[in-house]
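This briefing reviews selected local features of the structure shown below.

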Amino acid sequence: MEDRPHKAHRPAQSGAKVEKKGKGKEKQRGFNEKAFAPKSGRRAERLGRRTAEKDQTRLHVPLVDRTPDDEPPPVIVAVVGPPGVGKSILMKSLVRRYTKQTMNDIRGPVTIVSGKKRRITFIECNSDLNSMIDVGKVADLVLLLIDGSYGFEMETFEFLNILQAHGFPKVIGVLTHLDLIKKATTLRATKKALKKRFWTEIYQGAKLFYLSGVINGRYPDTEILNLTRFISVMKFRPLVFRNSHPYLLADRFEDLTPREEIRLSRGKCDRNVTLYGYLRGTNLRLGSKVHVPGVGDLDIKSVQALGDPCPLPDADSERRRKLSERKKLLVHAPMSDVGGVMYDKDAVWINVPGSFTRGQTNVPQGEGEEMVMDLQDAPETLEDIVTRSKIRLLGSSSKSLTVDPSSSRTTRHDSSDSDESSFEDEDASGLEDADEPSDLGNGSDGDWEEGPSTGCSGRTTARTQQRPTLAAGRDNGPDEDDGNIAFADSDSDMGDGPRGNRVADDDESDVESLPSGEDEDEDEGMDQGNGDVPRWKVNLVDRAKDFISSSRPARRDWTKLIYSSDLSPRAIISSSSLDPQAADDDTPDDDDDFFRPMKAGKSAEKDEEAPDMSKLAIDEEELKGWDDEEMLDSIRHLFITGGNAPGDTNSDDEGDDAASEDDGSDDDANPDPEAAKAAALAEKKAELKRKFDEQYDDPESSKYATFYDEQKDALARQQALNRAEFADVDTETRTAVEGFRPGQYVRIELDDVPAEMVLHFNPHRPLIVGGLLAAEERLGYVQVRIKRHRWHTRTLKTNDPLIFSLGWRRFQTVPIFSLDDHSIRMRMLKYTPEHMHCYATFYGPVSLPNTGFCAFTSLASATSSFRIAATGVVLDVDRSSKIVKKLKLTGAPFKIFKNTAFVRDMFSSALEVAKFEGANIRTVSGIRGQIKKALPKPDGAFRATFEDKVLMSDIIFLRAWYSIEPRKFYNPVTSALLAPGSEWAGMRLTGQVRHEKGLAAPKAVNSAYKPIERPGRRFNPLRIPRNLQAALPYASKPRTMKPQKRQTYLQKRAVVMEPEEKKALAVMQQIRAVRKEQVRKRKEKQGERREKKRKEAEKVEGRKEEKRREEKKESMRLAGIKNKREEEELGRGRKRRKVSS
């Protein structure tokens, strides 16, 4: 058996394995179409055109992205969908994926950190129309949820149309409830159909995710991971409206109105509220108005930049985080219950679990638990701190005020015990003592006070020497020699105040306390003196440096003086506030002398006329330096017409920057010329190398640079210049000049807010603060281009109320529709035209041109039909062209001449006639005429001429145009002021009011239809004069005969028939009637036969025509195949000839 050879393997000749193996080989064989050019020139042209179109569709108008790169605001991701589609579950799943935390009740925005440079704010959108409009205006990315088991619903299409009107951000579709479809074939078909419909609404290739089912209260982690990965890498293009307006999505809301005002007004007084959130869009300037959708236009009381509650991670923060905190990522949701803390409109709720104990130090506590523990660890109450503090009526008072002993534990301090206790209190509360000890003979006790304590420290640098005690450097009274002085362990214990404020002593009571960082060297020098050294010898070196630096003319920071100063303009330009030397001269060197004589110069200045203080004083000696030519040549390059500096190849702008830097530094007054020349040469070489690299390393990019790329580069360069302009400016000045920047977490305080906003506040509704431009704060006439939506069932009528969503606002107004009548006039339309645009003019808030809007007839959720009535764009504001309406005035002639007639009943006075003199008129029969002159009687009658004679029965009418204006009706939608469950209802039509109240329309008596009785018209016979009859030809002469006066013979005679004749005549009439009936029936049957035969012939002819069409089609197909074969053979022959040659 072993010697027998094995059976040879025979590969299968057919089957699935052979087909699978042969797939790859088939591609290798034959003609590879991708390796050669297209066979047809037309097809190649089509492919090239298609590629160019695809490239052009990717391009957009270049826009400046105002979002800061260093700390951009969080990306707003809105979860939108009809009710019951799974929005809350998706929100919980996304938050769980990013933060490893489970949120039970999500209310309001939720901000999380998704990466090193990105944060995301998730917000759930309700299914009511107001919330969808607000979310569509601020969302950067929309997760559009669709019920896969049901299909698209009306809310989905409404939201997509709202997005189209307001900028259309990025949209990702999410199909849910797919687990309800059990059959795999039905599931595939459903996915395919829904994707096709979704691509029709968005664009071809829009992303659509599938969520199969819910597991443990959330969607599967794998599907959520895929969704979050796609969200994390998305890029967002700035939208035009948001790129020009600042706005804020509030994540926290507080009511700051005093409780007493609310109690006295029973909750009906206007409130003072604060809103917190990340600033987006452009810079928010102080003094501008804002609009809160659903509330109205409000004034900003104050804006304050706060610390970022959800900061981006950096190296230091990651290094400081504990291992336990790494698993618990940061989530910022003040309106939701996160970490046991929930911020309400007027309180902060702390939720502490029932098993909470202070002994569990190893377990990480939540935010609410930490707040409770801090409250429990408070060493003293606020009452104790207030009771211990001392108040002076005047700064020079030696004793503090006393409080009633029945309500306080403090009295006047006169003994040494009180001094010691005050010193101990001062050390405990962290206050700062006075700058210098008082005079030796003063001996006042109450010079050292306590101030209010705050939470931050003023001094930022550590001192090199230990600070002396309060008793050092002066001879205290006998009550202070007991030696019980409290020494401080460090400078901070000695009373460096929270903000660095120092309380002045008796001699310096008129000097205001200085903030930390100002005059710090002087303060330290004062503090470091001891009693053995005279005061004038303390810090001689530092004082000499200050004197030398103050003797130089200091460069004034005009920006700081204008924007960061509380002084008046007169005080700013005066020498006392600008010149530091003058201020130093006014301050005496000897602080002990309270009274000091005034300088003689000052009294003389008061008598003489004061000079112009808006200009700096000019020193004639300094002007002589401008005669030096070398000095002029050295600064000539700093001006536009001066050229470059010697040895400098940079541009003029760079030279200006370098010169300004040299002016600001004193150490580099005499730079090395060789080093400067070498630096300039190196910079020139670097510039040449950069140009060389751009030209030779990538020649295609410079060769094929398009206008689009040039515009993008220009915008990028301008943006870099704008950012570099404020790079070295401090935050205060920058905020005062350009406002608060996007990305900052700000606190906005609003005044005069309606009380209903606070009473009916709902955290599930988005709260938006939209900034208004200066031109958008007024009301006026707005002209728009509008088109009725194709899905809206009813036609829109002029002067019917419409609700517009324009900009940040939602309001109701009454538009007038019009059409441009051949660029001659704007003609009013009673209804909107079908499937075409028209113009609309209404009274409302002014908006910038090219701002999109959408209109609604009703915002009620109970409406079953499509609620978006129209969409459009703003064209112009306060346009001068008038809208005219067609007007027809009718009259009747009462006296007719040859070509002239007197007309009445058209006007009511001669004044109206005079206004319309020369106007064209017309009769119903088409005879044209003109108004000439008014008649004295009757009133309103006039003389008119016509091109032909008119009749008394003619109606004469005048076609005129009447100018109209829209009604000044503006009704803002205040949906945020309504109680939960109620809906906003604006102005209604009269028919709607009658329908709701069951009233019938009143019937006017004159409007009832009555039978029309028209008397028959009698026309006179035509009479031709005899002279004209004689001139007429014989054929045209009238055949008129004289009337016969006598009866003729035939008229006179009477026919009398015999009975036989009567019977015979009756029989003949009956025979004729029977014959006529037979002929009629025969003709009807013949007609029926002919119709039947015609139909049969048409059927036969149709079959023949169809057969001929099929034969023609087949012959053309064969001819096409034959021509294609001939072309292929001809092409192959050409290729072979080319190869052989």
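Glu738 is buried, as its relative accessible area is 11%, below the 20% cut-off for burial. The model is a predicted one. In total, the structure holds 27 salt bridges.

**Salt bridges**
- Glu738 pairs with Arg734 through their side chains, at an N to O distance of 2.4 Å.
- Both residues belong to helix α27 (residues 731–738), where a spacing of four residues separates them by about one helical turn.
- Arg734 is likewise buried, with a relative accessible area of 17%.
- Asp140 and Arg242 form a salt bridge at 3.4 Å, N to O.
- Asp140 sits in the loop between α4 (129–138) and β4 (141–147) and Arg242 in the loop between α7 and β7 (247–249), so this pair ties together parts 102 residues apart in sequence.
- Both Asp140 and Arg242 are buried.
- Asp821 and Arg827 form a salt bridge, with the closest N and O atoms 3.6 Å apart.
- Asp821 is buried at 15% relative accessibility, whereas Arg827 is partly exposed at 26%.

**Packing of α3 and α7**
- The axes of α3 and helix α7 (residues 221–232) lie 10 Å apart at an angle of about 75°; the two helices are therefore roughly perpendicular.
- Residues in this contact include Leu90 and Leu94 of α3, and Ile224 and Leu227 of α7.
- By class, the contact comprises seven nonpolar, three polar and one charged residues.

**Gly81**
- Gly81 occupies the loop between β1 (75–80) and α3 (87–99) and is buried, with a relative accessible area of 7%.
- Beyond its neighbours within four places in sequence, Gly81 contacts Lys87, Ser127 and Leu145.

Note on methods. Residues are numbered from 1 along each chain as its sequence is written. This is a predicted model: local features need pLDDT of at least 70, side-chain atom pairs count only at pLDDT 80 or more; totals for chains, interfaces and linings use all residues. Side-chain values use heavy atoms; hydrogens and water are left out. Buried means under 20% relative accessible area, exposed over 50%, partly exposed in between (1.4 Å probe, protein chains only). Contact means heavy atoms within 4.5 Å. Axes are lines fitted to C-alpha atoms, for helices over the stretch in contact, and angles run from 0 to 180 degrees between N-to-C directions. Angles under 35 degrees count as roughly parallel, over 145 as roughly antiparallel, 65 to 115 as roughly perpendicular and the rest as oblique. Ala, Val, Leu, Ile, Met, Phe, Trp, Tyr, Cys and Pro count as nonpolar, Asp, Glu, Lys and Arg as charged, and the others, Gly among them, as polar. A salt bridge is a side-chain nitrogen of Lys or Arg within 4 Å of a carboxyl oxygen of Asp or Glu.
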